[in-house]
Amino acid sequence: KLKRALRMTLAPLTPLEILPNVAAQLGLTNETQARAAASLAKMIGGSRSEIAVAVAVYEAALLEGQPLSQGRVAKACGTSDVTLRQRLREHLALVS
């Protein structure tokens, strides 16, 4: 409402702007966060920033041996675990 009253438009956050907050919420190691950032840099657009971050974080956590549930990652990113699984499958099909 305030945005509308002031007639402000805000640019959406990029995945790399969202990542530090999600990393802090999930307690990611620096290595996991760096791997997620590298993954995001290689991703092709097409989905919402939050979903891209969820995919990158979940993938990075798996590769770094940092156990995180899909539900926990999805919640921190503001999406559902079902969406995370779908986009993760799509991402893995593109990179393999």
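Colleague: In what order do the elements of the protein chain run from the N terminus on?

Modeller: They go α-α-α-α-α-α, which amounts to six helices and zero strands. Helices (H or I, at least four residues) and strands (E, at least two) are DSSP runs, numbered from the N terminus. Keep in mind that this is a predicted model, where local features need pLDDT of at least 70, side-chain atom pairs count only at pLDDT 80 or more, and totals for chains, interfaces and linings use all residues. Residues are numbered from 1 along each chain as its sequence is written, and side-chain values use heavy atoms, leaving out hydrogens and water.

Colleague: At what angle do α4 and α6 pack?

Modeller: Axes are lines fitted to C-alpha atoms, for helices over the stretch in contact, with angles from 0 to 180 degrees between N-to-C directions. Here α4 (residues 49-64) and α6 (residues 81-95) pack at about 70 degrees, their axes 9 Å apart. That makes the pair roughly perpendicular (65 to 115 degrees).

Colleague: Which residues of α4 and α6 meet?

Modeller: Contact means heavy atoms within 4.5 Å. From α4 come Ile-51, Ala-54, Val-55, Tyr-58 and Glu-59, and they meet Thr-83, Leu-84, Arg-87, Leu-88, His-91 and Leu-92 of α6.

Colleague: What percentage of the protein chain's residues count as buried?

Modeller: Buried means under 20% relative accessible area (1.4 Å probe, protein chains only). Of the 96 residues in the protein chain, 35% qualify.

Colleague: And what box do the C-alpha atoms fill?

Modeller: Roughly 45 × 25 × 25 Å, taken along the principal axes.

Note on methods
Parallel < 35°, antiparallel > 145°, perpendicular 65-115°, else oblique. Buried < 20%, exposed > 50% of the residue type's maximum accessible area, 1.4 Å probe, protein only.
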